[in-house]
Each structure stands twice: as structure tokens, then as C-alpha cells.
Amino acid sequence: MKKITHGFSRLLSLSFALLALVALGGCDLNTKMSTFDVKGPIAETQLDLFMLTVWVTGFIFLVVGGVYVFAVIKFREKPNDNSPMPSQGHGNPLVEIGLIGASVLLLVIIAVPTLQAIWYTHDTPLNEQSKLGNWYTGDELSEDAEEEVLVIRVIGYQWWWEFEYPQLGINTANEMVIPAGKAVHLELRSVDVIHSFWLPRIAGKVDLIPGRANAMWIQAGDNFERWAEKTGADGSELALQAAYNTYLEEEIHDYYYGQCAEYCGDSHARMLFRATVVGDDEFAEWVKSEAEGHTAPEGKPWDEWYKAYDSNPDSLTGDLNEGAKVFMGRGKCIACHSVEGNPRALGVAGPNLTNVGERLSIAAGWLNHHDEEDVLQADKQYENFVKWIKETDVVKPGNLMWKSNGNGIGELLDPEDPDKIKLLTDEEIHYLALYLQSLK
Ligand code: CUA
């Protein structure tokens, strides 16, 4: 019996070891969400600290494990060995004090850089290069804003993200745009439960807590000084600046993946976000386009469009007008969503939809419509909009758009018989998807 149990436990450990190997084989350190492929000083500091801890604990493991294995082999009982019990080292002051000293030393080796890193990642640096006034090329800023770094207010909702840029007067959702190489100060808040902001390759993680304003700073890529120090590049200032810009363009400008890192309900796993890192000019252009928003379909001013809509909606024809009519009317989208420019789309319960047709994902990063090169695929985008509107409860169980309409988006009153409920038809959803695609 004993033999059988022994054989079985060996088999069990062997299968566990094999399973662990297989699982490790699936680890790729160079993915979109890898904390090992870091971009920028915060994630880099966090990675350095992690590696230091790995080395110190690895060292402890090897020393303790080595002594243990050595003792087991060297002092094991041999057959026919009748020698007496060896002398015991209990209470040897030299050994005990030595071990305490070694432990303290190892803890100090970890503690000092840990404290340094906590301080470094806590206070947003106000260096000249990051001050808005020194790099922002868009419209004029207030005097205060010129002296500050870019501030983004990150607000967590079940289950999406709002990104507000108070100094620039714009507001977006689920895809933040940030400038490369500049410190950005984040104010973290929540309207419902605790969420956690985690942008693995750039920075992580800090919680968003209801009733409390947390803060952190992030920076995609090094600033000029840090880059120059690290690369040791030298030459004329002009050549250096050009080399630095090439570094930002080639290594930092990218589309980064983020994720809520604190369990927050049904669709926590589907509460993703994205960050697009761009150059200064592109950033200013994006801000401008966000602030301008959209006209009515076919470039019509909204007051003209609404005049027609209120008096004779049938006079508004064509795919986009049909879609806009569903957006304002049967779909009730404007009750929860804002679209910059549109004077009646002022809802605040859901994501701001300005330029939603430009984003590479919807439903808080859960439905992606880009290819591997992060280029938007219009067909995929159309499919995703249709899927999201039609099966919002399947895509994101428990979400507000589903709940607010009782049981599935589009469970709306029948215009011909208000006592009846009439779902959005496939045709209406088709036009709505086309209209949303056009918001860019
Ligand atoms: Cu928000 Cu998990």
C-alpha cells in the first residue's frame, strides 16, 4: 500500500512540474500588456524594483536551499552507521547574530530603492519640458495652465473610463490620447465602486476610489534629459534633438493597452482602456478636433438640421440622416451620451461619443476594430457597432445601457402604439451604426 501511495505522489508531482512548464511556455514577455517591455520612467522604475527583489529573493532561495540540500546529503544516515548524534548548533551566538545581520542587510537592500521609488512615482515632476506652455501648440491656454503639466481626470464607471482634460476643455472616453515624453498628472476618481488604473507598459496601478481623489503621474517614453543621459549621445543640440524625436517616433508613438485591475462587478474583465501616444502637433490637432466636435450629417449646421427634424423629419433622407434620426429619436442615445457640437446630445451617464468613429475600439476596449498594425478596419467597426447595440447585454453583462432599457437596448416604445414595446429594427440599427461610424 505504501509503495502505491509513494508512486502516485511521485506521478502527481511530475505532472504538476510538467504542467507548470507548459504554462510558462505560454508566457510571452513582449506583449501589448507586458510589464517587462516598459516605455517610460514610471514603469521602468517599477520594473527595476521588481527585478531587484527577484535577485535578492533568488539569492536567499539559492543559499538557504543550497545549505539545506548540502546538509541532507552530507549528514544523512548511512547503512550500518552507529556513530552518535552529531553536536547541535542551537543557540550559537555567532550563527544567530550573523543570520539576523544578513537578513537586515538584505531587507535594507530592498527597502532603500523601494522608498526612493515610492517618492519618485508619487510626485508629478514639474520640469520645464513638461510644462504645457512649453510644448502645447494648440489654442491659447490660461496663464495658470501654461505653468502646469497636462492634467487628465480619470473617472471610473461600471464599466468604462472617462478621460477629462480640464485645462483643454475636452472630454473623451475609453481611449486617452497623451503626448510622448511629457509628464502627465492623473487625477483618479470613481462614481460608483473601486476601480484601478493600470497601463502596464507605462505605469500601474493606482485605485480609483469613490469619494476620494487619488493621483499619480505617467509618462510615455523618456524626456530629453533622461534619454540623453541613458544613451550618452552627444553632438550639436540640433542633432541631439532630432535623434531624440526619432526615438520618440520609432519607439514610443504607439497604441497601448490598459485594464481595470480591481474587481468591480459583472463586467470587470471587460473594463479595458487604451492610450494612444502621439507627437505634440498630432496631440494639438486631436484636441482641436475633439473641441470642435461634429456638425449634422452632410455638414449642415445643427440649428438648420433640428428645424427640419422638428417640423418634417421625412425631409431628412439618406443613410446618415436616418442614423441621426434614430440617435436623437427612437434610440434615445442623446439621453445618456454627449456629442460635442450637437446642442441636444448632452447626456452624461454614458461615454462621450465625440470622434467615436475614430477610436480603434468600443465598449471600453472590449470590441476592437483594428488590424495587427493598429489600422482601423471599417467593416469590423460596423460589425462591432451593430453587435454592441443589438446584444449589449451579451457583450457586457449588467451594463447600464442594457439595464436602463429594461431588457436589451432597443426595447423602446412603439411610435404607433405607445402602450407597446418595439425593439429597434435591424434597419434602424444599421443606420445607427453608419451614423456612429461617421463621427470622426
Ligand atoms: Cu473597474 Cu474592475
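## Basis of the values

The model is predicted, so local features need pLDDT of at least 70 and side-chain atom pairs count only at pLDDT 80 or more, while totals for chains, interfaces and linings use all residues. Residues are numbered from 1 along each chain as its sequence is written, and side-chain values use heavy atoms, with hydrogens and water left out.

Two packed helices are described by the angle between their axes and the distance between the axes. Helices (H or I, at least four residues) and strands (E, at least two) are DSSP runs numbered from the N terminus. Axes are lines fitted to C-alpha atoms, for helices over the stretch in contact, and angles run from 0 to 180 degrees between N-to-C directions.

Helix α2 (residues 41–74) packs with helix α3 (residues 93–122) at an angle of about 170°, and their axes are 10 Å apart. The two are therefore roughly antiparallel; angles over 145 degrees count as such, those under 35 as roughly parallel, 65 to 115 as roughly perpendicular and the rest as oblique. On the α2 side the contact (heavy atoms within 4.5 Å) is made by P41, I42, T45, L49, L52, T53, V56, F59 and I60, which meet L106, I109, I110, P113, T114, A117, Y120 and T121 in α3. By class, this contact of α2 with α3 has 13 nonpolar, four polar and no charged residues. Ala, Val, Leu, Ile, Met, Phe, Trp, Tyr, Cys and Pro count as nonpolar, Asp, Glu, Lys and Arg as charged, and the others, Gly among them, as polar.

## Helix α9 and its surroundings

Helix α9 (residues 302–311) and helix α10 (residues 319–328) cross at roughly 80°, with axes that come within 12 Å. α9 and α10 are therefore roughly perpendicular to each other. W302, W305, Y306 and Y309 of α9 meet N321, A324, K325 and M328 of α10. Six nonpolar residues, one polar and one charged make up this contact of α9 with α10.

## Helix α6

In helix α6 (residues 224–231), F224, W227 and A228 are the buried residues. Their arc around the axis is only 95°, which puts them on the same side of α6. The cover over the buried residues of α6 includes α7. G232 follows α6 and has a positive phi, near 65°.

## Nonpolar cores

A nonpolar core is a set of buried Ala, Val, Leu, Ile, Met, Phe, Trp, Tyr and Cys residues joined through side-chain atoms within 4.5 Å. The largest has 52 residues, and those with the most contacts inside it are I152, Y165, M176, L186, F197, I218 and F283. Helix α7 (residues 237–252) gives the most to this core, with five residues. Not counting residues up to four places away in sequence, F283 touches W135, Y136, L150, Y165, L168, V177, I178, P179 and V278. A second, separate core of 32 residues includes Y306, L353, L367 and V395.

## Backbone exceptions

Most residues other than glycine have a negative phi, and most peptide bonds are trans. The peptide bond from Q158 to W159 is cis, with omega near 0°; W159 lies in the loop between β1 (150–157) and β2 (160–165). Another cis bond joins G204 and K205, with omega about -25°, and K205 lies in strand β7 (residues 203–208).

N355 is not a glycine but has a positive phi of about 60°. N355 sits in the loop between α10 and β11 (361–362) and counts as buried at 2% relative accessibility. A363, also not a glycine, has a positive phi near 60°. A363 is found in the loop between β11 and β12 (367–368) and is buried, with a relative accessible area of 9%.

## Residue D393

D393 is found in helix α12 (residues 392–395) and, at 27% relative accessibility, counts as partly exposed. Leaving aside neighbours within four places in sequence, D393 is in contact with N399 and W402.

Conventions: Buried < 20%, exposed > 50% of the residue type's maximum accessible area, 1.4 Å probe, protein only. Arc of directions from axis to C-beta.
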